[in-house]
Amino acid sequence: MSFSAADHRHMARALQLAELGLYTTDPNPRVGCVLVRDGRVVGEGFHRRVGEPHAERIALAAAGEAARGATVYVTLEPCCHHGRTPPCTDALIAAGVAEVVSAMQDPNPKVSGQGHAQLAAAGISTRCGLFEEEAAALNPGFIRRMQTRRPFVRCKLAMSLDGRTAMSSGESQWITSEVARRDVQRLRARSSAILTGIGTILADDPSLNVRLSPGELPGTDDDYPPHQPLRVVLDSGLRMLADARLLSLPGGTWIVAAGSDPERQAALEAAGAHVEIVPGERGRASLAGALERLAACEVNEVLIESGPKLAGTALRERLVDELIIYVAPHLMGHEGRELVNLPGLTTMADRLELAFVDVRPVGTDLRITARPRQS
C-alpha cells in the first residue's frame with residue numbers, strides 16, 4: 001500500500017499528538033488524530049484520559065462541518081464497540097469523512113479489523129500500516145495485554161560502572177545523579193504499576209510514587225496531572241507493615257501473597273491495601289500469576305523496581321520485556337551488592353543474552369535500554 005509525502009507528514013503529526021497522552025491515558029492506548037481537507041488541517045486531537053472522548057471525536061469536534069469529505073489520520077484503528085465511550089466509527093461515518101488512514105490495526109479482539117470493515121461498509125476508504133512500528137512503540141503494554149493477557153514488563157536497575165547497586169553495608173543513596181532520578185520519575189509516570197519485593201519495602205520504606213508536578217511532563221497540567229501508578233508488592237508471607245508509607249499514597253497498593261492469613265490480611269486491608277493471593281512454588285507468591293492478575297485488571301505497563309533477587313527471578317522466568325539500566329561513572333568495589341541474582345549460570349551457554357536498543361547520556365550517567373533475546 002502506497003503513502004504520499006503528505007500522508008507521512010500528517011501521520012507524523014498524529015503520532016506527536018498521541019505521545020502527549022503518554023502520562024495520562026492509562027489504561028487506554030495513547031492515540032492521536034489529524035483531519036485534513038483539501039490539503040489543510042481542519043482538526044486534530046489526542047486521547048487524554050479514560051472515560052473522556054477518544055482522539056477521533058476530539059478532532060471531529062474541532063473540525064466541525066469541515067470534517068465532511070476529509071481524510072482522517074489516526075494512530076490506531078478506530079474503535080467500533082461500546083466501551084466507556086461510544087464507537088468512533090459511528091462518529092466518523094456520521095461526520096461524512098472520505099477516508100481513514102490508520103497507523104496500525106487495533107490488537108483488541110473487539111475491534112481488530114472490524115473498525116476498518118465498518119468504515120468500508122459505509123463507503124469510507126481505508127488504508128493501514130503507515131508508521132506502524134512507531135505507533136506500536138507508544139502502546140507496548142496495551143498491545144502485549146491484548147495479545148498475551150500479560151502486561152509489558154520493564155525492569156529498572158541502577159549500578160556503578162563495576163556493576164554494584166549498593167555498598168556491602170547496604171548504603172546506596174545515591175548511586176546515580178539527580179537527572180537520572182528524574183528520568184526514573186518519567187518511567188514511573190508512564191507505567192500502570194510499579195512492582196517490588198517485600199525486602200525493599202522493609203529495608204527502605206519507599207513511596208514508589210510519581211513526584212512530578214502537573215506541567216512538568218508533556219500533556220499534563222492541573223486538570224490532567226501525571227498518572228499515579230498502582231504499587232504492587234510481592235509479599236509471600238504477608239510481612240508488610242500496616243504503617244508502610246506507600247499504603248497512604250494515591251494510586252493504590254496491591255500486596256501479592258502466597259497464602260491467606262485472615263488476621264494479617266484484615267489489618268492490611270484496613271490500612272488501604274488490596275491483598276491478592278497468588279500461590280506459586282515452594283510457598284512463594286507467583287510472579288507470573290501476579291502479572292496475569294494485573295493484566296486482567298487492565299494494567300498495561302509494569303515497572304519493576306526491586307532488589308537483585310526479584311529482578312533475577314523476573315529475568316530467569318523470562319518475564320522481562322525491557323531493561324532500563326542506569327550506569328554511574330564510579331567504582332564501588334567487589335564487596336558491593338550485585339545487580340541481579342542469577343544462580344545456576346555456570347557455562348557461557350547458560351547466559352541470558354540481551355540486545356541493546358538505546359544507549360544515551362542522562363546527566364552524568366548512561367542509560368542503557370536493552371531487551372532479552374528470547375529463545
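**Reading strands, helices and cores**

Guide: In this predicted model, helix α9 (residues 262–270) lies across β9 (253–257) and β10, and its direction makes an angle of about 145° with β10.

Visitor: What is the order of the strands in the open sheet of nine strands?

Guide: First, the general idea: strands of a sheet pair through backbone hydrogen bonds, either parallel or antiparallel. Here the order is β10-β9-β8-β7-β11-β6-β12-β14-β13, and the pairing is mixed. The edges are formed by β10 (273–277) and β13 (354–362), each of which pairs on one side only. On average, neighbouring strands of this sheet are turned by 25° against each other, direction ignored.

Visitor: In which sense do β12 and β14 pair, parallel or antiparallel?

Guide: Strand β12 (residues 322–328) and strand β14 (residues 365–372) are antiparallel and share five bridges. Ile-325 is found opposite Ile-368 in β14.

Visitor: Which helix lies across β6 and β11?

Guide: That is helix α6 (residues 140–148), which runs at about 130° to β6 (152–160); β11 covers 301–304.

Visitor: How many residues lie between β1 and β2 in their hairpin?

Guide: There are two residues between them, and Asp-38 in the turn has a positive phi of about 55°. Strand β1 (residues 32–37) and strand β2 (residues 40–46) run antiparallel and are joined by six bridges. Within this pairing, Cys-33 has Gly-45 in β2 as its bridge partner.

Visitor: Which residues of helix α3 are buried?

Guide: An α-helix has 3.6 residues a turn, so residues three or four places apart point the same way. In helix α3 (residues 88–95), the buried residues are Cys-88, Thr-89, Ala-91, Leu-92 and Ala-95. They lie on the same side of α3 because they cover an arc of only 160° around the axis. These buried residues pack against α2 (55–63), β3 (71–74), β4 (99–102) and α4 (114–121). After α3 comes Gly-96, with a positive phi near 75°.

Visitor: Which residues touch the most other members of the largest nonpolar core?

Guide: This core has 36 residues, and Leu-35, Leu-60, Val-72, Val-97 and Val-100 touch the most other members. Helix α1 (residues 5–19) gives the most to this core, namely five residues. Apart from it lies another core, of 34 residues, including Leu-157, Val-256, Ala-314 and Val-327.

Visitor: With which residues is Val-97 in contact, leaving aside its neighbours within four places in sequence?

Guide: Val-97 is in contact with Leu-60, Ala-67, Gly-69, Ala-70, Val-72, Leu-92 and Ile-124, once those neighbours are set aside. Of these, Leu-92 also belongs to the buried residues of α3.

Note on methods. Residues numbered from 1 in each chain as written. Predicted model: local features only at pLDDT ≥ 70, side-chain atom pairs only at ≥ 80, totals over all residues. Heavy atoms only, no water. Pairing = 2+ DSSP bridges. Helix = DSSP H or I, 4+ residues; strand = E, 2+ residues; numbered from the N terminus. Axes fitted to C-alpha atoms, helices over the stretch in contact; angles between N-to-C directions. Contact = heavy atoms within 4.5 Å. Buried < 20%, exposed > 50% of the residue type's maximum accessible area, 1.4 Å probe, protein only. Arc of directions from axis to C-beta. Core = buried A, V, L, I, M, F, W, Y, C linked by side-chain atoms within 4.5 Å.
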